[in-house]
Amino acid sequence: NGATRPNPAGSRPDLGAYENEGGIGAPVLTAISSESGLVNLTWEVTTPTAVDSIYLYKGTSPNPTTLYKKIARTSSFSDTENTTRNDTLYYRLVAKTPGNLVSSYSNELKTIAHSAPTLLAPATNSTKNSKTPRLTWAKVPKSTSYRVQIATTDNFSAPAFNAVVTDTLYQSPELRTNTTYFWRVRVESTNPVRSSAWSSTS
């Protein structure tokens, strides 16, 4: 209708943006995940022929109004520049046309990009007399479960033990004597889907 767009919801769009008379459909966020600490988003553009770019809004509180990225029209995004760890991240989108018409906000999705756990004990190159050593690591904030792997090779191609636990310790099953073992941990959950990068190997 030619009227200047009143933000969306308090944000600061580019000067010269106008609301279109027919209305541009807002994008629909369809999925979000945080795998190996990397946030991935996918969405659908409801009026693809009219849209040339996507504005991505991000924050640590619901309904973010800080413009984070302007990207060419696509249907997915990997947040490789994210530096916020162990805190809830909220995302939503706006679609824009070549004539600077913008849609309303999309729905909102959230996730957490976890940092890798820090291993505590046993230490690297240590010798354990116990055949069932107790593995411990530091809690990662806002995490609920962890995957623990024990292997005889440092590439973990065939882990001897592979378990998901909710505590920050794991009592190993019986290990072979006179054998070198490696172990590592990462944050991992399935509902919602989230994982951190693996810890260092000990």
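**Figure 1. Serine 106 touches Ala26, Pro27, Leu29, Arg92 and Leu93, leaving out residues up to four places away in sequence.** Contact here means heavy atoms within 4.5 Å. The model is a predicted one, in which local features need pLDDT of at least 70 and side-chain atom pairs count only at pLDDT 80 or more, while totals for chains, interfaces and linings use all residues. Residues are numbered from 1 along each chain as its sequence is written, and side-chain values use heavy atoms, with hydrogens and water left out. Serine 106 sits in the loop between strand 6 and strand 7. Strands (E, at least two residues) and helices (H or I, at least four) are DSSP runs, numbered from the N terminus. Serine 106 counts as buried because its relative accessibility is 9%. Buried stands for under 20% relative accessible area, exposed for over 50%, and partly exposed for values in between (1.4 Å probe, protein chains only).

**Figure 2. Threonine 97 lies in the loop between strand 6 and strand 7 (109-112).** With a relative accessibility of 6%, threonine 97 is classed as buried. Its contacts, not counting residues up to four places away in sequence, are Ile24, Ala50, Val51 and Asp52. Threonine 47 is 50 residues away from threonine 97 in sequence, and the two are 9.8 Å apart in space, C-alpha to C-alpha.

**Figure 3. Serine 199 lies in the segment after strand 14 (193-195).** At 7% relative accessibility, this serine also counts as buried. Beyond its neighbours within four places in sequence, serine 199 is in contact with Ala116, Pro117, Leu119, Arg184 and Val185.

**Figure 4. Strand 3 is mostly covered, with 7 of its 7 residues buried.** Ser53, Tyr55, Tyr57 and Gly59 point one way from the strand. Ile54, Leu56 and Lys58 point the other way, and the residues of both sets are buried. Strand 3 runs antiparallel to strand 4 (residues 67-72), and 5 bridges join them; strands pair if DSSP finds at least two bridges between them. In this pairing, tyrosine 55 stands opposite lysine 70 of strand 4. Strand 3 also pairs with strand 6, in the antiparallel sense and over 7 bridges. Here glycine 59 stands opposite tyrosine 90 of strand 6.

**Figure 5. The largest nonpolar core has 17 residues.** A nonpolar core is a set of buried Ala, Val, Leu, Ile, Met, Phe, Trp, Tyr and Cys residues joined through side-chain atoms within 4.5 Å. Leu41, Trp43, Ile54 and Tyr91 have the most contacts inside this core. At least two core residues come from each of strand 1 (28-35), strand 2 (38-44), strand 3 (53-59) and strand 6 (88-96). Strand 6 gives the largest share, 4 residues. A second, separate core has 15 residues, among them Leu119, Val148, Ile150 and Leu175.

**Figure 6. Isoleucine 54 is in contact with Pro27, Trp43, Val45, Lys69, Lys70, Ile71, Arg73, Thr74, Leu93, Val94 and Ala95.** Neighbours within four places in sequence are left out of this list. Ile54 points from strand 3 together with Leu56 and Lys58.

**Figure 7. Leucine 38 is found in strand 2.** Its relative accessible area is 30%, so leucine 38 is partly exposed. Ser33, Ser78, Asp79 and Thr80 touch leucine 38, not counting residues up to four places away in sequence. Leucine 38 and alanine 197 are 159 residues apart in sequence, yet their C-alpha atoms are 8.6 Å apart in space.

**Figure 8. The largest pocket has a volume of about 570 Å³.** On a 1 Å grid over the protein atoms alone, a pocket is an open set of points where a 1.4 Å probe fits, with protein on both sides within 12 Å along at least five of seven lines; lining residues have an atom within 4 Å of a point. Grid points are joined across faces, edges and corners, and the volume is the space filled by probe spheres set on them. The pocket is lined by 25 residues, and Ser126, Lys128, Thr179, Thr180 and Tyr181 lie nearest its centre. The lining divides into 9 nonpolar, 13 polar and 3 charged residues. Ala, Val, Leu, Ile, Met, Phe, Trp, Tyr, Cys and Pro count as nonpolar, Asp, Glu, Lys and Arg as charged, and the others, Gly among them, as polar.

**Figure 9. The protein as a whole has 0 helices and 14 strands.** Of its 202 residues, 42% count as buried. Among contacts with a separation of 6 or more, 61% are between residues 24 or more positions apart.
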